Amino acid sequence: MSAELNTTYLGLKLKNPLVVSACPLTAEIDQLKRLEQAGAAAAVLPSLFEEQIEHDSMQMAEAQEFGAESFAEALTYFPQQDEFRTEPEEYLETIAKAKKAVAIPVIASLNGTSKGGWVRYAKMMQEAGTDALELNIYFVPGELEMTGPDVENRYLELVAAVRESISIPLAVKIGPYFSSLGNMAQRLVESGADGLVLFNRFFHPDIDLEKLEAHPQLHLSTSAELSVPLRWIALLHGRVKASLAATSGIHDAPGLLKALLAGADVGMIASVLYQKGIAEVSEILAGLSKWMEEKEYSSVEQLKGSMSRENCPDPSAFQRGNYMKTLTSFVGEAI
Ligand SMILES: Cc1cc2nc3c(=O)[nH]c(=O)nc-3n(C[C@H](O)[C@H](O)[C@H](O)COP(=O)(O)O)c2cc1C
């Protein structure tokens, strides 16, 4: 008998634990349909950014101000407000189109760093039909005056503001850089997160030695990156009242299996789809079923979290344990 792959994420019943992470592929309706056909259980749309919303609001305000001061003739140069399709409006249309095109849950993504007027888009996304919202908070605290608690409060206030404005499930996607990530995870949940998406990949800057320019670089991930979400999902599973999604470094069935064993409700993929193609979704799912049958697991629910800190034979492996032994037992010579 084949293993039951279904799982629950953010209260959504999913046919399996493989979700397409926020990336441009999911906003292309043809690609989204192909992802569904290949077996993806849900898809997160690429983010609508705080900057896009604020920029469009500013442009709209400028256009209106200029229009009011002009002669009627000049007004005709400006599009009427309802003809003026902004990026945020297009985003809302994409949600509606995606919902019409596929039967799997579609999760919109809002991306920003601070509480503000742009948060109203959370409600608009809900009204456009998204099944859940993923809030990606990507903040680099470059100000030396800003303390750790300042940064944390910024996150918590933003989560609370979004939570207040919607009734659909809310997932919060964060990076791993907190002094006490477990405590922060707990407080994000207390502030209204129904799920945590671990982890954001920060795009690190590089310096071009010829042009003497600094620029951020987007590198696709490698499977080695999975170890960071793996640790934290194992540490948090069963201890925070929230769904857990693993993102960063899932490239194959073993990666997905490790995320589930650590305690994730779903594993998310993006980079591997760019590196190997959409067919990889069915490859990963086939590998998941095969391994579960070989190891006699009857369901994803059964294996979820069986290697978490709470359940695994040596929980210290996820904390400092074995740190010294691992370093001192390393055998290798410099060439
Ligand atoms: C081309 C590209 C675009 C992305 N755009 C977004 C985005 O708009 N919002 C977001 O939250 N994450 C975005 N991500 C990050 C992914 O959702 C994912 O978290 C990250 O790539 C790690 O997963 P992976 O190792 O499977 O790639 C993007 C990733 C890629 C490769």
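**A walk through the chain**

Of the contacts in the chain with a separation of 6 or more, 72% are between residues 24 or more positions apart; a contact here is two residues whose C-beta atoms, placed from the backbone, lie within 7 Å. Keep in mind that this is a predicted model: local features need pLDDT of at least 70, side-chain atom pairs count only at pLDDT 80 or more, and totals for chains, interfaces and linings use all residues. Residues are numbered from 1 along each chain as its sequence is written.

The chain holds 13 helices and 12 strands (DSSP runs numbered from the N terminus: H or I of at least four residues for helices, E of at least two for strands). Its radius of gyration is 22 Å, close to the 20 Å that the globule rule gives for 335 residues, so the chain is as compact as a globular protein of that length. That radius is taken over C-alpha atoms, and the rule is 2.2 Å times the number of residues to the power 0.38.

Now look at strand 12 (residues 266-269), which is covered on both faces: Val266 and Met268 are buried on one side, Gly267 and Ile269 on the other. Buried means 20 or more other C-beta atoms within 10 Å of the residue's own, with C-beta atoms placed from the backbone. Strand 3 (residues 18-20) runs parallel to strand 12, joined by 3 bridges, and Val19 has Met268 as its bridge partner. Strand 11 (residues 243-246) also pairs with strand 12 in the parallel sense, over 2 bridges (pairing takes at least two DSSP bridges). There, Ala246 stands opposite Gly267.

Methods: A residue is buried if 20 or more other C-beta atoms lie within 10 Å of its own, exposed if 12 or fewer, and partly exposed in between; C-beta atoms are placed from the backbone.
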